[in-house]
Amino acid sequence: MERAIFLRSPNKLHLLPRHYSPRNFFSLFSSSSKSARSSSFTHRILHRPINPLTPRSLLLPRRCRFLPLSDTTYSSSFHFNKHHFSSASPYAIATQCSPGASTLPDEVEAKYGFEKVSEEFIGECKSKAVLFKHKKTGAEVMSVSNDDENKVFGIVFRTPPKDSTGIPHILEHSVLCGSRKYPLKEPFVELLKGSLHTFLNAFTYPDRTCYPVASTNTKDFYNLVDVYLDAVFFPKCVEDHHTFQQEGWHFELNNPSEEISYKGVVFNEMKGVYSQPDNILGRTAQLASSLFSNCLILLISALFPDNTYGVDSGGDPKVIPKLTFEQFKEFHGKYYHPSNARIWFYGDDDPTERLRILSEYLDMFDASSASNESRIEQQKFFSEPVRIVEKYPAGDGSDLKKKHMVCLNWLLADKPLDLETELTLGFLDHLMLGTPASPLTKILLDSGLGDAIVGGGVEDELLQPQFSIGLKGVSKEDIEKVEELVMGTLKKLAEEGFETDAVEASMNTIEFSLRENNTGSFPRGLSLMLQSISKWIYDMDPFEPLKYEKPLMALKARIAKEGSKAVFSPLIEKFILNNPHRVTIEMQPDPDKASRDEAAEREILEKVKASMTEEDLAELARATQELRLKQETPDPPEALRSVPSLSLFDIPKEPVHVPTEAGDINGVKVLKHDLFTNDVLYAEIVFNMRSLKQELLPLVPLFCQSLLEMGTKDLTFVQLNQLIGRKTGGISVYPFTSSVQGREDPCSHIIARGKAMAGRVEDLFNLVNCILQEVQFTDQQRFKQFVSQSKAGMENRLRGSGHRIAATRMDAKLNVTGWISEQMGGVSYLEFLQALEERVDQDWDGVSSSLEEIRASLLSKNGCLINMTADGKNLTNSEKYVSKFLDLLPSKSFVEAAAWNARLSPGNEAIVIPTQVNYVGKAANIYDTGYQLNGSAYVISKYISNTWLWDRVRVSGGAYGGFCDLDTHSGVFSFLSYRDPNLLKTLDVYDGTGAFLHQLEMDEDTLSKAIIGTIGDVDSYQLPDAKGYSSLLRYLLGITEEERQKRREEILSTSLKDFKEFGEVIEAVKDKGVTVAVASPDDVDAANKERPSYFDVKKAL
């Protein structure tokens, strides 16, 4: 259940990680090129999709476009696998041991009922870590102390399911719906509204459930901890059947004359998951890995696994309705017990206070046998490989010839591996798949047998590690060729080994990541917690995953002494080539599968209704209304006041200031940010894109990819890629587009971003120059690969992130910036890619010429801007390299901005795809009504999302998420839903928002919480590189410190009157808004029957 954070525009700079995945530290080195690998094997489900439009810092570029919006990213920064934290290691945290981290006296431990099990100073994270055990219950506690202000708490239970009814997932949703001390409908939502959290979420894994929180404010942190502890140990849901129905599943019947339907937040979430081929593939692989060795089973529904991984902890929509309330209650009573808990504290708070808080809860329990009953059994190896064929839903109008997928999967070990072997396997994974130039990646894509790579490489989130690799976009007749190519390439790598430069590049990537210590917006302490849990949850040493230095040095020494071939070739042979536990999965497109699944569900529901008497149907209709009334009835004020909150007096009156010095080098503006970065320099080189011809805009994303994935006159693409890996921490190139408040013309740039250790800054700027000016656009076949990869990514985005597609499409109907973004990352971009595939074959000279024209239009000292973040000394030392770089740029006379004035037609539109859920959007430009921006709009937008839309779209409507956003630059106010079973009903909710605000009444406490929660967004925690980058974006968009201060004061002074006045403004969306839905054909047909010709229909897949 996802209380996750999605961005309106995925930013390749990782201001916000899209996936949170616990990994052993060795896998952090096992990265993949995002442009090549498909993330099919995400093993955990997050609690809730927090507003995908939410910016990480208000008065930053709200909904600025970091394009393209496809899953393709153009970087040679050796991105770690999407399952890994954003190009970051949690193991080299630049913190110091906190002054309060001295060893607790024995009497303090005894006072609170704990005994010390072990204690270590972890040099890799400069922290004192103490493992405690609660004497009465056996609960284990890791207390990690240092000077990191971003404090983290987490409690983890081992929760292995026996079937695919989704009990762990539904329970993870439900325990946050009220508890003993906090008896309101959803304390979680109150925390979202009114805390300064830097992280607030929950994760469901195949075998465990995690509840983490983080905050930099100590009072706020302990408030979050108390709400979460009360939620997991004393939830209301185990006595409240309505919560089970709301979050899990229930029959819904509004009128006895109507049809019965299934509803439930998790039910609809998992329908969305099962609508995506990549998810089906990943799930199939996980299930297949748990097959009995003597079974030959083709269909997933027929599997009988050896251990818990053979079922879906998230829930299979076909199986979820079999779950009973009694089973739900029993599961909580069995596993949500201190004896089955691992608890984590991290940061600069008082270690004694941690134990005191825990003792108040743990002392209320006696020991139980839960820990023994929840142990995960290991899967025994197969005696021979297994093959599975599965179908996935495909559009009936698309060309299905090249829509097959094939993936080879291995279970790597039947028992735990030692740390050095794990590290070496992770390193091997990076060598084979970590970059576009890695041999296994390159050979598979160069083969032309498929469009994009699937499989996560080495996966180690679970008890036993796996390895997966394959291709999608494959012709049926080429399936066997792909399998042969994978096996042949692995055999060749085992026989010949890896190039020395490739090994050196991977090693530099690893060590740079460790030194950089950059976890993006993901709290460092939570990153550490998830690493520790990866061993701890299986009763192994929780300290071990935190200590990488010794095995890393041993691996380097071994490579130096024996050579890389002697190190890696035996691993390929043992764990892959000679391993019988291999499952090959073939996914076949089926244009009728979606309709068959829907028909099967309707048939079940028709039988249910037929079995009911008139009295039964009347009772079901009454129960439906009763549940809806409860869902839509606000909590009483006394219940709301039970949730602890900060006071407005605790909130700083001024925004966070980033030191910025504006200067000039060789006539070019340079911004410098003097911040401690652990000897790393971060640099952005910005070029104006406004002189580019309008017809070339769709080609810009592929231009960016080509810069980083084609060669020069003297360097092959592989050599260039390896050079970047050896000399820098990575280089990326991407377009950035945003509206600017009060201006019709968009802000549009190409940004080259790089990072390097201080001693490698000259190499960094030399390589950026090489990429920008020397790369040759001559490799026709490689470029065609880029097109195929981007097309596959866009198709996947349509199915999995339809809300982003809808948002981009609506913006394209409302302003020029939106149109540009849609051309580079929406449905129009997908159509462009489809046509470009043919054009590359027919007119390659023309395509190559267009790429050169883009370069000539962009590269110039005129309009260039340099942004650098490092400490003062390194900034000064870098200036001479910047000067040399700028001297090499061409100087051009002033060029008129191109005329970009296109928009899509303003009609309502349905983008039809094969899916079981919908993504529904509606938007209008409220600046057109005369509205003048006030900081209160931030508070009101957040409040609407967390109350009206949460209650009506998610809780009552059954969607996985509902949210709204005001793009303060363009004036576009958008509503969006995510994995939504409804269509017109959701639009009716959007249209009722103005009335909701008109009728709204709130006390001072509620208003204060709304303001505090908004300030939490404004002041979101940022690491130094993000601070420098945010400052750059504010500069580009003309946002001054004075405006930031003004908006903050307006936020802090928001009143109920502001809410009611905004209700008038938002009526513009109801009256003049455009609607875009990414939806199923059946739901669109039904909508157009109910409201004739409401949607223009566009088939996308």
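Phe 157 and Tyr 336 are both buried, a class that requires under 20% relative accessible area, with exposed set at over 50% and partly exposed in between (1.4 Å probe, protein chains only). The model is a predicted one, in which local features need pLDDT of at least 70 and side-chain atom pairs count only at pLDDT 80 or more, while totals for chains, interfaces and linings use all residues. Residues are numbered from 1 along each chain as its sequence is written, and side-chain values use heavy atoms, with hydrogens and water left out.

Across the whole structure, a search finds 41 aromatic pairs, where rings of Phe, Tyr and Trp (its six-membered ring) pair if their centres lie within 6.5 Å, and planes under 30 degrees apart count as stacked, over 60 as edge-to-face and the rest as tilted. Two of these pairs are set out here.

| Pair | Class | Centre to centre | Angle between planes |
|---|---|---|---|
| Phe 157 and Tyr 336 | stacked | 4.6 Å | 25° |
| Phe 973 and Phe 975 | edge-to-face | 5.3 Å | 70° |

Phe 973 counts as buried because its relative accessibility is 0%, and Phe 975 counts as buried because its value is 1%. Ring pairs also join Phe 157 and Tyr 336 into a cluster with Tyr 211, Tyr 228, Phe 233, Phe 234, Tyr 361 and Phe 365.

Charged groups also sit over rings, which requires NZ of Lys or CZ of Arg within 6 Å of the ring centre and within 35 degrees of the ring normal. The charged end of Arg 690 is placed over the ring of Trp 900, 4.3 Å from its centre, and Arg 782 lies over the face of Phe 717, at 3.8 Å from the ring centre.
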